[in-house]
Amino acid sequence: MHKFICTTAIALLGASSLPALATIDSTATQRVEITAPRDAVAAAQAVLAMRGEDATFDLSNGRTLVVTPYASYVEMRYGKRLSKVMRHDGQGNFVSRDGSLSLQFEIDRDGEARVVKLSAPASWF
């Protein structure tokens with residue numbers, strides 16, 4: 001029995017030191033794609049196209065959100081809070097510098113941004 005255990009242990013050690021049987025093709029390129037809904041990107045572009053014009057949105061909680069678009073960012077004013085600068089992330093969202101606030105717009109049939117979604121930590125509201 002002792003000889004069987006020694007033989008098994010040596011076989012296991014030998015097998016663990018062999019290179020893996022699966023070969024990895026080093027010429028293969030790994031590819032990652034990140035996509036955004038076309039509607040979200042189109043809505044962000046429509047908002048940015050309104051440069052310098054205030055857009056006022058009445059939110060479901062009774063507060064008002066005012067968005068002023070500029071070349072590559074928007075300035076957002078929520079209720080009586082100080083305004084926040086939010087940059088377009090290329091995926092259809094406008095995000096605050098610290099990443100805690102996010103705006104996403106939806107466009108109507110005429111290509112106008114009519115609906116906005118504000119995401120923020122509950123403590124921010």
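Reader: In the hairpin of β1 and β2, which residue takes a positive phi?

Author: This is a predicted model. Its strands β1 and β2 form a hairpin with 5 residues between the strands. The two strands run antiparallel and are joined by 4 bridges. The residue in this hairpin with a positive phi, near 90°, is G62.

Reader: What does the twist average from one strand to the next?

Author: The open sheet is built with antiparallel pairing in the order β1-β2-β3-β4-β5-β6-β7. From each strand to the next, the twist averages 30°.

Reader: Where in β4 is the residue that stands opposite E75?

Author: Strand β4 covers residues 84-88 and pairs with β3 in the antiparallel sense. This pairing runs over 4 bridges. Opposite E75 stands the β4 residue V85.

Reader: Which element gives the most to the largest nonpolar core?

Author: The largest nonpolar core has 22 residues, and those with the most contacts inside it are L65, V74, M76, F94, L103 and F105. Two or more residues each come from α2 (38-48), β1 (55-58), β2 (64-69), β3 (73-78), β6 (102-107) and β7 (113-119). The element that gives the most, with 4 residues, is α2.

Reader: Leaving aside its neighbours within four places in sequence, which residues is L103 in contact with?

Author: L103 is among the residues with the most contacts inside the largest nonpolar core. With neighbours within four places in sequence left aside, its contacts include L65, V67, V74 and M76. L103 is also in contact with M86, G92, N93 and F94.

Reader: How many residues apart in sequence are the parts that the pair of F57 and F105 ties together?

Author: The structure holds 3 aromatic pairs. One of them is the tilted pair of F57 and F105, at 5.7 Å centre to centre with 50° between the planes. F57 lies in strand β1 and F105 in strand β6, so the pair ties together parts whose separation in sequence is 48 residues.

Reader: Are F57 and F105 buried or exposed?

Author: F57, F94 and F105 form one aromatic cluster. F105 is also among the residues with the most contacts inside the largest nonpolar core. Both F57 and F105 are buried.

Reader: Why is the pair of Y70 and Y73 stacked?

Author: Y70 is partly exposed, with a relative accessible area of 31%, and Y73 is partly exposed as well, at 25%. Their ring centres lie 5.2 Å apart. The planes stand at 25°, and planes under 30 degrees apart count as stacked, so the pair of Y70 and Y73 is stacked.

Methods:
Residues are numbered from 1 along each chain as its sequence is written. This is a predicted model: local features need pLDDT of at least 70, side-chain atom pairs count only at pLDDT 80 or more; totals for chains, interfaces and linings use all residues. Side-chain values use heavy atoms; hydrogens and water are left out. A nonpolar core is a set of buried Ala, Val, Leu, Ile, Met, Phe, Trp, Tyr and Cys residues joined through side-chain atoms within 4.5 Å. Buried means under 20% relative accessible area, exposed over 50%, partly exposed in between (1.4 Å probe, protein chains only). Contact means heavy atoms within 4.5 Å. Rings of Phe, Tyr and Trp (its six-membered ring) pair if their centres lie within 6.5 Å; planes under 30 degrees apart count as stacked, over 60 as edge-to-face and the rest as tilted. Two strands pair if DSSP finds at least two bridges between them. Axes are lines fitted to C-alpha atoms, for helices over the stretch in contact, and angles run from 0 to 180 degrees between N-to-C directions.
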